[in-house]
Amino acid sequence: MRSIVVTGVSTGIGHSTATQLAASGFHVFGSVRKAADGERLKRALGDRFTALHFDVIDEQAVAAAAAQVREALAGETLAGLVNNAGIAVAGPLSHIPLADYRRQLEVNLVGPLIVTQAFLPQLGMDPALRGDKGRIVNISSVGGKLAFPFLGPYCASKFGLEGLSESWRRELMLHGIKVVVIGPGSVVTPIWDKAEQLDEAPYARLAIAPALRKFQQMFVSEGRQGHPPEAVAAAIHHALTTASPKVRYAVVRGRFKNWTLPSSLPPAVLDGLVAGQLGLKPKA
């Protein structure tokens, strides 16, 4: 039985990915921050799941988890690593607290580097291990290619992850380790409950506040009509198992409207559409 490490399996995409991979015959090592979440998944998935307890920005805890996995695999390589754990920080860039911005980049951009460095030997960089080379799947977003107002910190982290993935993909060719990006659109997860509770009070007196409020309403409404997390999990499973994976998969509901069209429009045209929709055009 081959094994895969998935970060952030407590809910949403990570939870669905762990469930699908376990059902298809993999052993899943899934990272959680709360012991209760690991116990819940263990009850649901049984012997095909092992909880790893770490926050992705805690280098010592990640290193300890990598040692735990190495010992459990007893000389075998990992089949894959899925960098899924992440957070979303929202707000106007002109006033976003720097601590929040740093936290966004730390979790979404530094965290995957910490985790990947720790597990790369087990994915095939260590020639002493037996088995096929593993793959790395990084969970980006539509926001890793198209940046939206009021999601600047999040989009910056995902644009960065796209670049990091491209560099990794080319560096790791030497070792036969493939790197794949999954870029979901809106996914129905508990993140929308958090988005609905965004505290607008710090920005209430800004000229941009009405646009922020409108964006939040539209963003939450669209999000709750997105793909189920199982659709993204299926794409992750495909990226890990197909003989020749693409370098990037866009998993987007309403693909033409929400991905193909905005990706192909001239930036100035897209800017005008966004400004008109949110009320961001300057007053005459």
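A cavity is a set of grid points where a 1.4 Å probe fits but cannot get out, and lining residues are those with an atom within 4 Å of such a point. In this predicted model, the residues that line the largest cavity are Thr 7, Val 56, Asn 83, Asn 84, Ala 85, Val 107, Gly 111, Pro 112 and Val 115. The space inside the largest cavity comes to about 40 Å³, and the structure holds 1 cavity of 30 Å³ or more. Helix α4, spanning residues 98–125, gives the most to this lining, with 4 residues. Sorted by class, the lining of the largest cavity has 5 nonpolar and 4 polar residues, and no charged ones.

Turning to the fold, strands of a sheet pair through backbone hydrogen bonds, either parallel or antiparallel. Here, 7 strands form an open sheet with parallel pairing, in the order β3-β2-β1-β4-β5-β6-β7. Strands β3 (49–53) and β7 (248–251) stand at the edges with a single partner strand each, so one side of each has no neighbour in the sheet. From one strand to the next, the twist averages 20°. Helix α1, made up of residues 12–23, lies across β1 (3–6), β2 and β6 (178–184), and runs at about 175° to β1.

Aromatic contacts complete the picture. A pair of aromatic rings is described by the distance of the centres and the angle of the planes. The structure holds 1 aromatic pair. Phe 150 and Phe 215 form this pair, which is tilted, with 5.6 Å from centre to centre and 50° between the planes. Because Phe 150 lies in the loop between β5 (135–139) and α5 (152–171), while Phe 215 lies in helix α7 (residues 209–223), the pair ties together parts that are 65 residues apart in sequence.

Terms used
Residues are numbered from 1 along each chain as its sequence is written. This is a predicted model: local features need pLDDT of at least 70, side-chain atom pairs count only at pLDDT 80 or more; totals for chains, interfaces and linings use all residues. Side-chain values use heavy atoms; hydrogens and water are left out. On a 1 Å grid over the protein atoms alone, a cavity is a set of points where a 1.4 Å probe fits but cannot get out, and a pocket is an open set with protein on both sides within 12 Å along at least five of seven lines; lining residues have an atom within 4 Å of a point. Grid points are joined across faces, edges and corners, and a volume is the space filled by probe spheres set on the points. Helices (H or I, at least four residues) and strands (E, at least two) are DSSP runs, numbered from the N terminus. Ala, Val, Leu, Ile, Met, Phe, Trp, Tyr, Cys and Pro count as nonpolar, Asp, Glu, Lys and Arg as charged, and the others, Gly among them, as polar. Two strands pair if DSSP finds at least two bridges between them. Axes are lines fitted to C-alpha atoms, for helices over the stretch in contact, and angles run from 0 to 180 degrees between N-to-C directions. Contact means heavy atoms within 4.5 Å. Rings of Phe, Tyr and Trp (its six-membered ring) pair if their centres lie within 6.5 Å; planes under 30 degrees apart count as stacked, over 60 as edge-to-face and the rest as tilted.
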